[in-house]
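Here is a short tour of one structure, meant to be read with the model open beside it. Please keep the chain letters in view as you go.

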Amino acid sequence: MVLLLIHVAEQGLLYGMAALGIFISYRILCFPDLTVDGSFVTGAAIASSLVVSGGVNPAVTLVLAFLAGALAGTVTGLLHTRLGIADLLAGVLSMIMLYSINLRIMGRPSISLLRVETVTRGISEGIPLLGSAALLVVLTGAVLVTKLLLDFFLRTEVGLALRATGDNPRMVTAQGIDPRRMKVLGLALSNGLVALSGALVAQYSGFADIGMGVGTIVTGLAAVIIGGALIRSRRVGWMTAGVLLGSLLYRLAVMIALRFGYAIGFQASDVKLVTSLVVIIALVVPGIRERLSKGAKTC
Amino acid sequence: MKRIGLVVALVGLMLAVAAGAAPVKIGICQIVEHPALDAVRQGVIDALKDAGYSEGVNVEYVIANAQGDMSNAAIIAQNFRAQGVNLVVAIGTGMALAVAEVYRGAETPVVFSAITDPVSYALVKSATDPSENGNITGVSDLIDVAADLAILKEIGAKRVGIVYNPGEPNSDVLTKTAKQVAPGLGLSIVEAVADSTANVPLAAQSLLGRVDAIFVTTDNTVVSAIDAVVAVAIDAKVPFLVADPTSLKFGPAIAAGFDYYEHGKITAGVVARILRGERPNQIPVTYVTGSQVHLNLDTAAKIGLTFPQSLVDKAASIYYGGHEWEKVQ
């Protein structure tokens, strides 16, 4: 049971990285960015194909994955700001393009990482002192560092300009900031994080698959919204903490659905239904409902 | 005195049997809901029952389905490990990969099923020599693409269109194989790509006028939308061969291969061997043989095709007059 909770926490953190990215685009920039379903796989594709075919150091591929994701986000940003394509559509177009691009990068629909070195396995097998919690400890550290860096960035001048852009693009122009540049920057950062998450998830799971990104926007938004419902602060540090908490809770809900769904008569095919039910129950816990009804500014 | 000894012996025997009869926990997991994969699962359970392993008596099944979601696949595998499952049956490439990663270097045997190319997906090191495959073995559904293409050639095809989903590992491997062997048979291949069932009709239609035969492999996506391809094939009056025998009644001119329920039964055979004491690294990957040809005479009439007698002689069943007729052996 403890082992299972460790795995839930690991997944919560791995996908929490993507949730942080979606937090930037959805909450900070008010941009519903569907690119993430594609950029998540791009990160995985880069990380896996470079390790398997190119023998590149798996840690280096993580950096490259981030950059690839940033590139994808930039494309979406440019489609929107320079070509005037609506935000949702720009994201969708990028996502569709990335499907073909990702297949090209991988060369096949699935790449197996079973027989190569990966960062996650290197960590979990390389620190015998911490046993089965090794990866969790390192991941917690890594994700916390990422979160803190993000918090710090969002309090810098550029970061504040980013937040202001999402709030009121016209006022921002009056202040002498180019909202178009900010949007591109925000989307690049966002998708970079999502791609990094994809790369880590691929190494963690032992394979990269062309379909692994489907639903990234959904689970990311779930994490962001759950987090927002539980931690109702407008301060950046708390908001990002909420996102990570939301990601952990969502993964916990999935685990509960998979493990205990049968006990209440559910079948294997009902996993998604049960997951949503668990999330609804978690949000309806007394006190949260009335806080929700007061209506937070979402976007 | 003798009687007490006998009773003690009997009790001892019963206890020994009881201890050794703790039900074996078998985890069966599949990557997605799909009739073919569901059939494999059912085949495994039914055949194990025939082999003496009945649910609730000496075997306990834990069934899980990743619903096409990779993160679920990882959690399912981790769940199995946490529950102390004694043997895992993983159906579908995505599921097998997730299970292989979680059970890396473990003692628990893993049996994969419905994987077309386990070697290139690194599930096993070698298909023929299992000694370094660790705790993994399984059954491959690799179809004999060359044989299927030869059938199409036999009925006069020159340009063969293949409708497939490049996102499916099995289809990717088979299409690449087809492109490799086709020139040797004097055939050329035209590809039509459908990344989801919704795009299958368009993909099939894109072949109109460009091919004189259509070939679909064990592609889950396209087989799910087979009616669309059948419609196009009949419109264009070209023969359509699908590598899934259970699809014959939906209208393809020819169905060749083995069905997935049988595939499941063969998988159960491997599982039974392991339950009886063999280790996975003693069992080479099983490649299913014994593919059969099934002909649809109704469709053939619609497209003006007459099957050569040699093909009819080989057929295991014929679809005629709206009904499938098994050949009496």
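How many Å separate the centres of domain 1 of chain B and domain 2 of chain B, taken over C-alpha atoms? In this predicted model, the two centres are 30 Å apart. At the contact of these two domains, domain 1 of chain B contributes seven residues and domain 2 of chain B contributes six residues. On the domain 1 side, the touching residues comprise two nonpolar, three polar and two charged. As for where the domains run, the domain assignment gives 20–141 + 261–287 of chain B for domain 1 and 145–257 + 291–326 of chain B for domain 2.

Now to the partner chain. Contact with chain A involves 31 residues of chain B, which meet 29 residues of chain A. The elements of chain B in the table each supply at least two residues of that side.

| Element of chain B | Residues |
|---|---|
| β2(B) | 59–65 |
| α3(B) | 70–82 |
| α4(B) | 93–102 |
| α6(B) | 169–185 |

The most comes from α3(B), with nine residues. By residue class, the side of chain B that touches chain A holds 15 nonpolar, 10 polar and six charged residues.

Finally, have a look at Val285(B), found in the loop between α10 (260–275) and β11 (286–287) of chain B. Val285(B) counts as buried because 23 other C-beta atoms lie within 10 Å. Beyond its neighbours within four places in sequence, Val285(B) is in contact with Pro118(B), Val124(B), Ala127(B), Thr137(B), Gly138(B) and Ser140(B). Gly186(B), 99 residues from Val285(B) in sequence, is 32 Å away in space, C-alpha to C-alpha.

Conventions. Residues numbered from 1 in each chain as written. Chains lettered and ligands numbered in written order. Predicted model: local features only at pLDDT ≥ 70, side-chain atom pairs only at ≥ 80, totals over all residues. Domains from an automatic or database assignment. Nonpolar A, V, L, I, M, F, W, Y, C, P; charged D, E, K, R; others polar. Helix = DSSP H or I, 4+ residues; strand = E, 2+ residues; numbered from the N terminus. Buried ≥ 20, exposed ≤ 12 C-beta atoms within 10 Å, placed from the backbone.
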